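Keep the viewer open and follow along.

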There are 2 protein chains.
Amino acid sequence: MLWYRYLMETSPPAPYDVFKLSCPSREVFVRVGERWTGLVLLGLRQGTLRFSQLRRQIDGISQKMLTQTLRGLERDGLVARTVYPTVPVTVEYDLTPLGRSLGDAMDVLRTWAYTHIGDINAARQTYEAANRQL
Amino acid sequence: MLWYRYLMETSPPAPYDVFKLSCPSREVFVRVGERWTGLVLLGLRQGTLRFSQLRRQIDGISQKMLTQTLRGLERDGLVARTVYPTVPVTVEYDLTPLGRSLGDAMDVLRTWAYTHIGDINAARQTYEAANRQL
DNA sequence: CTGAATCCGAATCGATACTG
DNA sequence: CAGTATCGATTCGGATTCAG
């Protein structure tokens with residue numbers, strides 16, 4: 001019953017290996033892992049948004065974390081920041097093509113989540129029930 | 001130049017909305033965001049592994065974090081844990097079908113990372129250069 | 001409006017020691 | 001081998017205050 005795994009196994013496409021500490025792709029995983037990165041990418045996926053609009057859209061994010069997350073994404077070339085010298089100042093955020101492609105990958109995760117929440121909750125119930133009397 | 005976004009926009013497939021604090025899919029995002037979750041899923045994607053094998057594979061993970069991550073994944077029905085009463089004890093970890101499907105989604109991210117590390121590093125250089133004299 | 005700066009408790013994580 | 005337990009160190013993250 002193990003054969004199918006070896007058939008499915010596709011070796012990594014490049015000289016990279018996420019499992020290695022030294023692999024730069026690890027950083028990508030770390031960034032994606034940051035608490036709000038995914039939600040910001042998904043939020044901007046629908047189009048340009050201003051700071052306060054983005055903040056309103058993402059329930060529960062604080063101003064500090066939104067700023068911090070946006071800076072990180074900007075630094076990595078995933079988000080473009082445009083300042084308009086109005087009074088008061090207007091700042092727009094946008095996905096770059098690179099950010100858009102990562103956003104698409106995140107959207108796969110979102111869809112997965114929507115589809116499998118039920119399974120996960122069921123598993124949790126089972127798990128709790130099995131470990132209740134410990 | 002905005003029309004294409006609206007054409008691409010596909011509304012969420014269900015009564016879920018990640019942006020809402022109350023949405024259970026947020027928990028999925030949080031779990032995926034946990035530092036080591038992705039790597040463990042990717043590690044087990046290649047087949048059954050024992051605790052120490054998994055630990056060796058994932059460079060830099062501590063024993064504590066591996067245990068903790070595995071417990072969480074087990075609780076959510078993503079990983080199956082099998083104990084063989086040998087001496088000393090043998091414990092095998094495996095992806096469940098659910099875990100396998102999430103692993104596939106994570107692999108999309110891995111591939112994305114491998115493909116775009118260069119772009120990200122370039123963006124970082126640009127960013128640093130632009131902000132050097134501040 | 002868009003943020004930067006600071007304070008501070010909470011959560012995370014790693015190293016170490018110990019167990020069946 | 002496969003963990004559990006504990007203890008600091010660091011980091012995270014929210015609330016608040018201030019500024020251009």
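Predicted model: local features only at pLDDT ≥ 70, side-chain atom pairs only at ≥ 80, totals over all residues.

**Around DNA strand D**

Of the 19 residues around DNA strand D, the ones that come nearest are A:K64, B:S52, B:Q63, B:R81 and B:Y93 (a residue is near a strand if one of its heavy atoms lies within 4 Å of it).

Residues are numbered from 1 along each chain as its sequence is written, chains are lettered from A and ligands numbered from 1 in the order in which they are written, and side-chain values use heavy atoms, with hydrogens and water left out.

Now zoom in on the phosphates of DNA strand D. An N or O atom in the side chain of B:Y93 sits 2.5 Å from a phosphate oxygen, and for the side chain of B:R71 the distance is 3.0 Å. B:V91 uses a polar backbone atom instead, 3.4 Å from a phosphate oxygen.

Which elements give two or more residues to this surface? They are helix 5 (63-75) of chain A, plus helix 4 (51-57), helix 5 (63-75) and strand 3 (90-95) of chain B (helices, H or I of at least four residues, and strands, E of at least two, are DSSP runs numbered from the N terminus). Helix 5 of chain B has the largest share, with four residues.

Finally, strand 3 of chain B runs antiparallel to strand 2 (residues 79-84) of chain B, with six bridges joining them. One bridge pairs B:V79 with B:L95, and a hairpin of five residues connects the two strands.

Technical notes. Polar contact = N/O pair within 3.5 Å; in protein donor to acceptor, adjacent residues only side chain to side chain. Pairing = 2+ DSSP bridges.
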